[in-house]
Amino acid sequence: MNYFEVTTLLKGKKEAKVLKAPNRKDAISLAKMKMPGIILSIKETSAPAEDQILEFKEKFLKTIVRKKTDIKALIAAVRQLAVMTNAGISIHDSIKEVENSSVDAGLKKIFSSVNDDLNSGLSLTQAMMPYRNEVGDVSLAMIELGESTGNMAESLEKLAEILEEMETNRQKFKKAMRYPLTVMVAIGIAFTILMVYVVPKFKDIFSKFKSELPLPTKILLFMENMIHHYGFYLLAAIIATIVFFKYMLANSEEFKKEFDKYILKVYLIGKITFYATMARFTLVFTELIRSGIPIADALETALLTIDNIHLKEKLSSVNISVQRGISLTDAFKETGLFEGMLIQMIKAGEQSGTLDKMLEKVTDYFKSRFNEIIDNISSYVEPILLAFIAGMVLLMALGIFMPMWDLAKAVKN
């Protein structure tokens, strides 16, 4: 929605009012209904301060209390749709039945709205588009595939399999990270307790030392002082930082772009993000090619599955290159995202007319690399975890015992 400042003339007096409308034409129609008199001028303007505050408040609250769709309920709904459409039931009746049978309130509301949009003449893809955050870009891509090929049942069945695989990978990742996170939390709690109850007792002893305290002891005393005097402020600052970070990630494209570029360089997390994204992209792209969709259209649809802006921009260049007449192999090679072995496989597929089969092997490769990292994530994390624990214990031990050793030497001398 845009804002327009409309100036009218009535009985020799000018009146200016700000109206909200999708475009200039609708703003003129709205002004004729709501504002008596002759319209002198209409120009686009910025939103009033009250509306800006209200919009910020809505975005902020949406960021904090964002409700995620129950993925298991979504998978069940997609499978039900696949079975019903495969049995020859119209998509309108299938959507209505899924709405009635769904136990998830969020999904029930979504399918109710989709059903109304279908009855008003929109396609299923168009009806689902406003709920892309709830159902995911993969769902939109596969629904669009079903509408393009006319085989909605097969596309929905494949979508259910993709969603199940994504959920399985998510659960595997959570399970793998449970141990290191538990250890980190336990160490954090133990360290905080030591800072609150143990270090203050030594603080009185250390204050009587006339000699210079060692660096580890100074660090401990500084941390104790911060927790003791500014603990609640630090906690509030951490929470505020997390909230602000989530808000910027959800509402600032430039911020998200920089974050997406940085996250790919982070140890372990970068590889997990990269392989998961590439596996999802090539999987959907393969299904589109197999269904006979032109390469340019298939690329455009498959790009909907990518959430990482940095990777999306790189893969978007493939579509531009293909439209300029460059081969798919060379276009993929220019991105720098595919290893030499994968480029050779794609090239062989292009030359032999078996591109879909070779792309399927590429997808399997990305999946295998992703699963390898997830299955062995504990072995990757343990060295970092041990180094962190050792550092915390060493700091605590040196911070407390080094002054004691100096005191013992002083007494002995």
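Let's start with the aromatics. Eight names to keep in view: Phe274, Tyr275, Phe281, Phe285, Phe332, Phe338, Tyr365 and Phe366 form one aromatic cluster. Keep in mind that this is a predicted model. The structure holds 10 aromatic pairs.

Now place the two residues. Phe338 is in the loop between α15 and α16, while Phe366 belongs to helix α17. The pair therefore ties together parts 28 residues apart in sequence. Are these two buried or exposed? Phe338 has 9% relative accessibility and counts as buried. Phe366 has a relative accessible area of 1%, and is buried as well. The threshold for buried is under 20%.

Next, helix α12. This helix covers residues 269-290. What span should its 22 residues have? At 1.5 Å a residue, the answer is 32 Å. The C-alpha atoms at its ends are 32 Å apart, so expectation and model agree. How enclosed is α12? Of its 22 residues, 17 are buried, so the rest of the structure largely encloses this helix. After α12 comes Gly292, with a positive phi, near 90 degrees.

Now the cavity. The structure holds one of 30 Å³ or more. The largest cavity has a volume of about 80 Å³. Which helices supply at least two residues each to its lining? They are α3, α6, α8 and α9. The largest share, three residues, comes from α3. Residues lining this cavity include Leu74, Val78, Leu81, Phe111, Met128 and Ser139. By class, the lining has 11 nonpolar residues, one polar and no charged.

Last, the second largest pocket. Its space is about 210 Å³. It is lined by 15 residues. Lying nearest its centre are Met177, Tyr267, Leu268, Val381 and Ile384. Two elements give two or more residues to this lining, α9 and α18. The largest share, six residues, comes from α18, which runs over 377-412. What is the class make-up here? The lining has 15 nonpolar residues, no polar and no charged.

To recap. Helix α12 is largely enclosed. Helix α9 contributes two or more residues to the lining of the second largest pocket, and at least two to that of the largest cavity.

Note on methods
Residues numbered from 1 in each chain as written. Predicted model: local features only at pLDDT ≥ 70, side-chain atom pairs only at ≥ 80, totals over all residues. Heavy atoms only, no water. Helix = DSSP H or I, 4+ residues; strand = E, 2+ residues; numbered from the N terminus. Expected span 1.5 Å × (residues − 1). Buried < 20%, exposed > 50% of the residue type's maximum accessible area, 1.4 Å probe, protein only. 1 Å grid on protein atoms, 1.4 Å probe; cavity = no way out; pocket = protein on both sides within 12 Å on 5 of 7 lines; lining within 4 Å. Points joined across faces, edges and corners; volume = space filled by probe spheres on them. Nonpolar A, V, L, I, M, F, W, Y, C, P; charged D, E, K, R; others polar. Phe/Tyr/Trp six-rings, centres within 6.5 Å; stacked < 30°, edge-to-face > 60°.
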